[in-house]
Protein chains: 4
Amino acid sequence: MAPDLRAPVTPEGRRLLSLLRPHLPVLEREAEAHDRAARLPAHLFAQLGKDGVLGATVPAGHGGLGVTSMHDVAVALGEVAKADAGVALALHMQFSRGLTLTYEWRHGPPRSRALADDLLRQMAAGEAVVCGAVKDVGQPTTLTRADGDGYTLTGRKTLVSMAPIATHFVISAQVRENGDPVRLAAPVVPRDSAGLTVEDNWDGMGMRSSGSVDITFDAVPVPESHVLPRGALGEPDDAALAGQTVSSITMLGIYTALAEAARELTVAHVRKRGRAAPAVLTKIAEIDIRLYALRCAVAAALDNADRLSEDHSGDPAERGRAMMTPFQYAKLLVNRHAVDVVDDCLSVVGGAAYTGSHPLSRLYRDVRAGGFMHPYNYAGGVDYLSGQALR
Amino acid sequence: MAPDLRAPVTPEGRRLLSLLRPHLPVLEREAEAHDRAARLPAHLFAQLGKDGVLGATVPAGHGGLGVTSMHDVAVALGEVAKADAGVALALHMQFSRGLTLTYEWRHGPPRSRALADDLLRQMAAGEAVVCGAVKDVGQPTTLTRADGDGYTLTGRKTLVSMAPIATHFVISAQVRENGDPVRLAAPVVPRDSAGLTVEDNWDGMGMRSSGSVDITFDAVPVPESHVLPRGALGEPDDAALAGQTVSSITMLGIYTALAEAARELTVAHVRKRGRAAPAVLTKIAEIDIRLYALRCAVAAALDNADRLSEDHSGDPAERGRAMMTPFQYAKLLVNRHAVDVVDDCLSVVGGAAYTGSHPLSRLYRDVRAGGFMHPYNYAGGVDYLSGQALR
Amino acid sequence: MAPDLRAPVTPEGRRLLSLLRPHLPVLEREAEAHDRAARLPAHLFAQLGKDGVLGATVPAGHGGLGVTSMHDVAVALGEVAKADAGVALALHMQFSRGLTLTYEWRHGPPRSRALADDLLRQMAAGEAVVCGAVKDVGQPTTLTRADGDGYTLTGRKTLVSMAPIATHFVISAQVRENGDPVRLAAPVVPRDSAGLTVEDNWDGMGMRSSGSVDITFDAVPVPESHVLPRGALGEPDDAALAGQTVSSITMLGIYTALAEAARELTVAHVRKRGRAAPAVLTKIAEIDIRLYALRCAVAAALDNADRLSEDHSGDPAERGRAMMTPFQYAKLLVNRHAVDVVDDCLSVVGGAAYTGSHPLSRLYRDVRAGGFMHPYNYAGGVDYLSGQALR
Amino acid sequence: MAPDLRAPVTPEGRRLLSLLRPHLPVLEREAEAHDRAARLPAHLFAQLGKDGVLGATVPAGHGGLGVTSMHDVAVALGEVAKADAGVALALHMQFSRGLTLTYEWRHGPPRSRALADDLLRQMAAGEAVVCGAVKDVGQPTTLTRADGDGYTLTGRKTLVSMAPIATHFVISAQVRENGDPVRLAAPVVPRDSAGLTVEDNWDGMGMRSSGSVDITFDAVPVPESHVLPRGALGEPDDAALAGQTVSSITMLGIYTALAEAARELTVAHVRKRGRAAPAVLTKIAEIDIRLYALRCAVAAALDNADRLSEDHSGDPAERGRAMMTPFQYAKLLVNRHAVDVVDDCLSVVGGAAYTGSHPLSRLYRDVRAGGFMHPYNYAGGVDYLSGQALR
């Protein structure tokens, strides 16, 4: 049966959804206020930690829920997004870290395994809230060798969703050492490290409850044991596309869900109004056609990623491309059509949808974030996909 | 020479533009703050009144600038919109009232002429700021016969841009009297009338500096001399399409300008970045192609309206349709493509454009208002245009 | 695993594909000539009959290949379509008849079973080539009661693909009898029946090798035993949507394959040319994004139809809608985007693609037929889907 | 008043239209037959020659009609295109040559003036039918110095519309001489020159009556007096954009007219059918909106070209860009939306439109030629326009 984003496909995914659902009505009720205040609802995350949700993607052996299906993570994030899209984006950080740290624990070098093992246990216990931080402001964030066996970290990261409540950060950094070629690495830095500041500067057009602030590192000390190794800088490494896919593909569930939420509101509105003009009927059909394409493409890309993430039998570079390519097809579809669908919903509902307190006006702002999610933006996606087509 | 929205075509239009321009830098500087506060910059309108701008479309004989060209009004509103779109929307109210009251003064019945004459003089002197109010909340706003020669007005209007500083309102109302068939009329009501309340409730997704609040009428007394007669309710009256065109067509200048402003920012951004990916080059070409279509179609529709508004030689119903039809072609083009262009600009500029303080994020919210402007929304426009095609 | 239209999912489907493949090179070589001559390649069908392909969807117990998966039928038709789209359309007639007659044999009333049983055996033996004929020219085709136990059939059907070589026709007809309410029925008429004429009038813009001619019935005698009963006229019967889905959904494989064939040609062309302009790179990415959406949506709709066609446990009307709705989502996507993809391929390849002997110019004409396939055309699809959304 | 492609704007343009109109009914009647036979209707051109139409763009002093307005040429070509698009494309060759040879006669070097003077007189007398030939097959067409004062011309040109009846060809060629840098030139070659062969190989998907055959030059002798000088090879010469605009911009009238013809057929069809489904009403409105955009943009680009072609006061490179840029905006709009409009018309009319004898199926094939017209194709247009935006 073709998976269709309408329901989880694993028991663990169903368990996650059942734990999330009781929180959704409150989340939905508070969403407008968090949006206006550009405020991450920290109290909700505290409750999710108690319920075990923050360990959703942590293996059962570590005390987590053991959700490994990216399809199911996307479904869960979608359900949250229908209540509050920014919260779903923040939660994605934790779920995504669970998936990638599980990979480190299973397939990484010994030091990475130990570090991942520790973090995963804390995540399952609701004690660790772990953000990835990728995008630099200005100079690349850099690890330099310090005295002893450690490093110091310097730089500034932006758009670090969930940072206001994070306990740890996994930072994409460059390592500059001894005149060696620059390497990449991912230091894991506790929030209370000396020299680390979490800013309070998130002010997005949408996704305002996601807490996507900047963090700065002013010579933050990092022991060698807390540095996850990555590849060399600038060296093409298609194998790494696999990890990038796992990190980000579940976000497609968020943006698809926003379009579906807009559609539900709109169809309910038209049904209540009782009569529909010809252009409204046409738009409703066109909305549903595109939503079907989104659901099918996103579900297929997730299914593909789920299968390949388990399969290490072939060439790692080929595997990386085989995960990323359908992800990008689906992402570029979502980036365009989720926005188009919400836009059409505004047209159908009319001027009321344009007021700040109408859910459609929030969906309109939130859904536009999809095009800026990593990897890639539109231009990068076109480069990647045309490059694949012409290889 | 084909008019092209790039410059006024009459000396009066050029004079208006020269009076406006000194105010634009301040307006642009303050735009973000007014947007966040959802606040109409009343001080600016006070200055514009002193400079004579609030009488731009009042005949010179009444002390106004005598701008009659809708093309030139659209150009002027576009220039304002590039600095602050909400202010342009508010200013449109006054300019539009100048045009329609001039028509009343020239072609209306005697009582209308006297009323229009008086208001026009006050507008030119910067003493009258006049809003139209069309859209009802709930029941239709209604004039009922009171004792003596007057009426009382009851109802609630919404989306009355510029109302926070208005001195008078021209209200679309129904007249219910003696069991006669319901007639339409437009009472002109001073702001300080007993029973009239200007709410402070504007909270749009965009156009936040336009002051598009609600106003309520609780048995507001209106003397018969202040009621402009309109047609019968429900009676098809294509002649009235002419006045509706004059009232609203100049707004196309606003939305076209917003798309152009987004394009200017974006091209400057790409030029500064120094290199452009293939998809960026493609998008830039596509942006310019659509902007050309918008400018040409809007300019042609304005030119058509300008010519026909002077020409009373033919069948009034035919004239009404001949004004409205190209207006609707141009409006539906603008509603779609101005939004698309701004959306593409966000894609080209990238994540930075998604922050609340970036001008593109304001343009993205502001430009979406176009589809809700009267007449018509998308469904109404399709009804009107398909009806014309199949007459 | 999400099915993806790239390969059959059943052993029977793989067998069908292996039987078809040896014929494809000849078919491709001759395609241009058949296109110019608007000629069904009868010799190919004779060979397919010998190879058992004309019984592909006939149960194994009847001597057929026993393909029941609509997904696999769509994949097979797609492979044929890449060589010659018109032949695939003709072949669809036979495959579709196999599926629906198998349903009659399994679930129909006794008389239908006997008739279906007989036809299925002949199809498997390569002796029966069976067309459906749905679309009337002028008056509805009608069965009227004749003397004895039979009827006479009168009318004219159009767009009967494969008719030039058909041995039997299954005709959608109205039964007018004794002043009873008009019923629907499907008489099965052998080609050599008195009064039946197969015209030689197919002259499509594309799909020229499909032999989609008219057939006329001039008081053709039809024994009662050869009439498959259908519902009442004008009575809404959502249960019948299931059979309509089975009859037509596999055609989606044809139009998706045409878009893929155009893409393959185009990417090969660009690769050979060696350098690609920015707009070409952008178009290639956009082509692949849409093809992914098409493949995913079509595969999902086929998978859904395959599951539901086996499942008679629920409400038949509900089942009918649940089969038709995803089919229509996928069909409207295909109707638009398969055409768009081929159009973009022409733009990338350039003027050479516009000559009559270039495969892209044939694909451009062929692919446009999709929008006219039953059920529904664009307007009908919008009516159906908006109706479902607002039920 | 904004020009709108609905009527000529000069008396000469009106005269041209009045001379053409009597021929249109015959042309329309014969169009299907010429389309099927891929045959240029030579007899019509003979009649047009007698009527003076082949000298439409020749100055009155040379005996021509003296049409200088490109707008009016586009209107005339559009009227012809509604009857037979291929004939309009062929006629464009002659009209375009009249415009560019008039420019040579007015502004060229002495030798060019004499040659142009002679050709223009013959064109006005209906004795010269002059094709331009731009696109090479294989190697560039080349002039090499021969003994005496002449050259020999070798190469092959394709897509030379109207060639079957041409008396002269103006050939874009490279001059290779004495090891000098390669120059460009345009030799004018009579049809009966030794070594010149007009092929009979036109077989387009559409535009089949245009006679767009290949011509080959096998050491064709060309006296120096018959060579119009052009610039250096590869040297950017934006001044030359002016002549390229004049040569090709009037074709926009053809493709816009095809979309309008499709719309007229379609609206008439819907009106006759009596009722229109919601999607049909929506499509009709959308068709008219796009046609308005096309008419306005094409009219504005033509108006711009007409003004600038008369104005030699400024920098020639700037003038070239100022002519080409709006032309390209309008061309890319037309390339996309004229095709889209015809496609939508097919959807509205339904399956009947897909038959070879339906005018919409011819329009569908004809209108697709627009994207291949020089200059530029889509990729070239994007390169040019993005280059202009980022200069």
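# Chain contacts, strands and helices

In this predicted model, 4 residues of chain D are in contact with 4 residues of chain A. Sorted by class, the side of chain D that touches chain A has 3 nonpolar residues, 1 polar residue and no charged ones. Chain D can be laid onto chain A by a rotation of 180° with 0.1 Å of shift along its axis, which superposes the two with an RMSD of 0.1 Å. The two copies are therefore related as by a two-fold rotation axis. Within chain D, the residue that comes closest to this rotation axis is Pro278(D), whose C-alpha is at 2.1 Å. Of the interface residues of chain D, 100% are also interface residues in chain A, so these copies meet through the same surface.

Chain A also touches chain C, and here 33 residues of chain A are in contact with 33 residues of chain C. On the side of chain A that touches chain C, at least two residues each come from helix H8 (252-273), helix H9 (278-310), helix H10 (316-349) and helix H12 (378-389) of chain A. The element that gives the most to this side is H9(A), with 15 residues. By class, the side of chain A that touches chain C is made of 24 nonpolar, 4 polar and 5 charged residues. As for the relation between these two chains, a rotation of 180° with 0.0 Å of shift along its axis superposes chain A on chain C, with an RMSD of 0.0 Å. The same surface serves both copies, since 100% of the contact residues of chain A recur in chain C.

By class, the contact of H8(B) with H10(B) has 15 nonpolar, 3 polar and 2 charged residues.

The strands of chain B come next. Strand S4 (residues 150-160) of chain B and strand S9 (residues 213-223) of chain B run antiparallel and are joined by 8 bridges; in this pairing, Val160(B) has Val213(B) of S9(B) as its bridge partner. S9(B) also pairs in the antiparallel sense with strand S8 (residues 196-198) of chain B, over 3 bridges, and there Thr197(B) stands opposite Thr216(B) of S9(B).

In chain D, strand S4 (residues 150-160) pairs with strand S2 (residues 135-136) in the antiparallel sense over 2 bridges, with Thr158(D) of S4(D) as the bridge partner of Lys135(D). Strand S3 (residues 142-145) of chain D likewise pairs with S4(D) in the antiparallel sense, over 4 bridges, and Leu143(D) stands opposite Leu153(D) in S4(D). The hairpin of S3(D) and S4(D) has 4 residues between its strands, and Gly148(D) takes a positive phi near 70° in this hairpin.

Conventions:
Residues numbered from 1 in each chain as written. Chains lettered and ligands numbered in written order. Predicted model: local features only at pLDDT ≥ 70, side-chain atom pairs only at ≥ 80, totals over all residues. Contact = placed C-beta atoms within 7 Å. Nonpolar A, V, L, I, M, F, W, Y, C, P; charged D, E, K, R; others polar. Pairing = 2+ DSSP bridges. Least-squares fit on C-alpha atoms with pLDDT ≥ 70 in both.
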